[in-house]
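Thanks for sending this one over. Here are my notes, in the order I'd go through them with you.

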Amino acid sequence: MSEQPLFKVTIDNITIEVPAGTTILEAARKIGGEVAPPTMCYYSKLKGSGGKCRTCLVEVSKGSEKDPRPMPKLVASCRTTIMDGMEVKNITSPKVLDARAGVVEFLLLNHPLDCPICDQAGECHLQDLSYEHGKEKTRYEFQKRVFHKVDLGDKIQLHMTRCILCYRCVFTADQLTTNREHGILDRGDHSQIATFIQKNLQNDFIGNVIDVCPVGALTDKTFRFKNRVWFTKPVDAHRDCDKCCGEVQLWMRGDEVYRVTARKDEWGEVKESSKGSTGWICNECRFDKKKVSDWIIEGPSNINRHSVISQGHYVGLKKPNETLSKVMQGRDPKLLMNIHEVSEVNKENIQLSLLERPAHSNDFNQ
Ligand code: SF4
Ligand code: FES
């Protein structure tokens, strides 16, 4: 990279120098903040990603120093490389903001508005995008798409109606696992993510499709319907793993681990691990290690303060000492109600996080 000549590019009136061959999007990410266009399909850690969703559109108001003509149409910043002296407008261009609102409307044509029951709510990129760039109403009057249910196995849940066909999960399966068994079938509005003759996805690293999916189309079956993400507390933790880097985020409530994911960076992408490679995690760390004792806890994760997840506050990761019986000189409190004794459904010994699926009434009736 050091032999590459440096090109000057100005994005939203901020000029930086980046190596030739850098895309407008990567240059904008170097500046950071709102100058970086939103992305729904581009993922810097996946080769070939980008160019599908058009959320990263920008206006090129000056092509280059040699040829200063503006580009006639808005361009996808994740797929357009910079030229020396290029000038780009993102949030300073009303045209871009208008087009982006159109793209959001387009992405939402078929996407159900089921955020209140979707496990991705609170960390969904489409939810954020619609709040930041969307319109209040849709002009679409037709029925949204429906699909036959496809079972992707015992760990990953597919909701095809929520899929925006970004292809990230297909690239993940292609580039991380030994054997891709799913892809996008059919064309046009019939396109859908499906497994080849309903094969289950059983590869060791396939769980990473959950982390790259920008919407709630692929979710973790072991976490499904167990908790809202903003009630859980993300904690950085690691373990010695012979398959992956073993560096994860535990999503805890009290001292129960509800979910394990890879760590994410400020762009919502899987972070680099301390060993320098991308911190993809294996299925064993993700789905099978749901006890605090499986992990070495490092401390609370850094969460962007604008995220709804940061609204919950840490009250300490250890259970406080039980002081009531001390105060009452060893006697149990009589006037306080133990909800487990009076409730038909709240059984003390049921650890929701250890159930490998959503909780069911049968769990409480046993
Ligand atoms: S399932 Fe998710 S990651 Fe895969 S194409 Fe659809 S939106 Fe993208
Ligand atoms: S992020 Fe550039 S087209 Fe999707």
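Which domains does the domain assignment of the protein chain give?

1. The answer is domain 1 (6–105), domain 2 (140–220), domain 3 (229–311) and domain 4 (324–365), with bounds from an automatic or database domain assignment. Before going on: this is a predicted model, where local features need pLDDT of at least 70 and side-chain atom pairs count only at pLDDT 80 or more, while totals for chains, interfaces and linings use all residues. Residues are numbered from 1 along each chain as its sequence is written, and chains are lettered from A and ligands numbered from 1 in the order in which they are written.

2. Domain 1 and domain 2 have C-alpha centres 28 Å apart. Nine residues of domain 1 are in contact with ten of domain 2 (C-beta atoms, placed from the backbone, within 7 Å). On the domain 1 side, five are nonpolar, two polar and two charged.

3. Helix 2 contributes Arg100, Ala101, Val104 and Leu107 to the contact, and helix 3 contributes Leu126, Leu129, Ser130 and His133. By class, that contact has five nonpolar, two polar and one charged residues.

4. Have a look at ligand 1 too: 14 residues surround it, the closest being Cys163, Cys166, Cys169, Cys213 and Ala217 (C-beta atom, placed from the backbone, within 6 Å). The shell divides into 13 nonpolar, no polar and one charged; Cys counts as nonpolar here, as does Ala.

Definitions and conventions
Two residues are in contact if their C-beta atoms, placed from the backbone, lie within 7 Å. Helices (H or I, at least four residues) and strands (E, at least two) are DSSP runs, numbered from the N terminus.
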